[in-house]
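Please read the following report alongside the sequence and the 3D view.

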Amino acid sequence: MLLTDIFKAVSVWSILLPFVGGVILFRKLNNDSKIILLIVAVGIVPQVLGNWILQTETFKNITYNLYSPFEFICYAILFHNKYSSSKLNLFFKATLLFFSLISLLLLFNNNISTLFLNQWLISSNLIQVIWVGMYLVQLYLNDDLSFEPSDPFFWYLIAILCYASTTTVFYSLWYVIKSNAFVEFNFVKIIHHIFNISLYSLFFVGILKNNIKTKS
């Protein structure tokens, strides 16, 4: 088995870590963690089924394309009450409008069953990075806001920032990476797998923090 295949296997199945942890600790989860659990649960369909069971191109295209806006909506719910400034809230709403327009444009001009819309995923990830940046700016400007490792959202924020920023670059090169000419640069896929593993590992840590907080 190639090194790339090993990392791919770990990357794909790593999604079960926060899913199983979230199901076991469900009664102790706060609202943020329940949103993350929902993202993970639905993500199992394209990630596990699409890569290991129903490996048809049509199934992958449809599930991954539908997952992009679903994930975006869940993250929007996660961030919508995180901004205390009216200006940040206004900008947040502007990003929602921007993504909606991009979504309509992509759906109008493409068939989601025959083509993976990497532009949809890139747009979503870029906006997620912006949301994280907005939250960090708010923390900088408001010293009275609490943001500690004991808070599950602390881990979710790190996970989203690391994954969304690297994934934006990776999927910008998606059709180049898929081409035969890219075989010599397979290490880039490994880098993506590492960040995918990190995403779900950090989600798992955040979910565990609910249990620790409850015991405290």
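## Nonpolar cores

In this predicted model, the largest nonpolar core comprises 44 residues, and those with the most contacts inside it are Ile-36, Tyr-75, Leu-78, Phe-79, Tyr-83, Trp-131 and Phe-203. Two or more residues are given to this core by each of helix 3 (31-53), helix 4, helix 5, helix 6 (118-141), helix 7 (152-172) and helix 9 (187-215), and the largest share, eight residues, comes from helix 7.

Once its neighbours within four places in sequence are set aside, Phe-203 is in contact with Pro-18, Ile-36, Val-40, Tyr-75, Tyr-156 and Ala-159. Another core, of eight residues, lies apart from the largest one and includes Phe-170, Tyr-171, Trp-174 and Val-188.

## Helix 4 against helix 5

The axes of helix 4 (residues 57-79) and helix 5 (residues 86-109) come within 12 Å of each other and cross at roughly 170°, which means that helix 4 is roughly antiparallel to helix 5. On the helix 4 side the contact is made by Pro-69, Phe-72, Ala-76 and Phe-79, and on the helix 5 side by Phe-92, Thr-95, Leu-96 and Phe-99. Of the residues in this contact, seven are nonpolar and one is polar, while no charged residue takes part.

## The buried side of helix 1

In helix 1 (residues 3-13), the residues Thr-4, Ala-9, Ser-11 and Val-12 are buried.

How values were computed: Residues are numbered from 1 along each chain as its sequence is written. This is a predicted model: local features need pLDDT of at least 70, side-chain atom pairs count only at pLDDT 80 or more; totals for chains, interfaces and linings use all residues. Side-chain values use heavy atoms; hydrogens and water are left out. Axes are lines fitted to C-alpha atoms, for helices over the stretch in contact, and angles run from 0 to 180 degrees between N-to-C directions. Helices (H or I, at least four residues) and strands (E, at least two) are DSSP runs, numbered from the N terminus. Angles under 35 degrees count as roughly parallel, over 145 as roughly antiparallel, 65 to 115 as roughly perpendicular and the rest as oblique. Contact means heavy atoms within 4.5 Å. Ala, Val, Leu, Ile, Met, Phe, Trp, Tyr, Cys and Pro count as nonpolar, Asp, Glu, Lys and Arg as charged, and the others, Gly among them, as polar. A nonpolar core is a set of buried Ala, Val, Leu, Ile, Met, Phe, Trp, Tyr and Cys residues joined through side-chain atoms within 4.5 Å. Buried means under 20% relative accessible area, exposed over 50%, partly exposed in between (1.4 Å probe, protein chains only).
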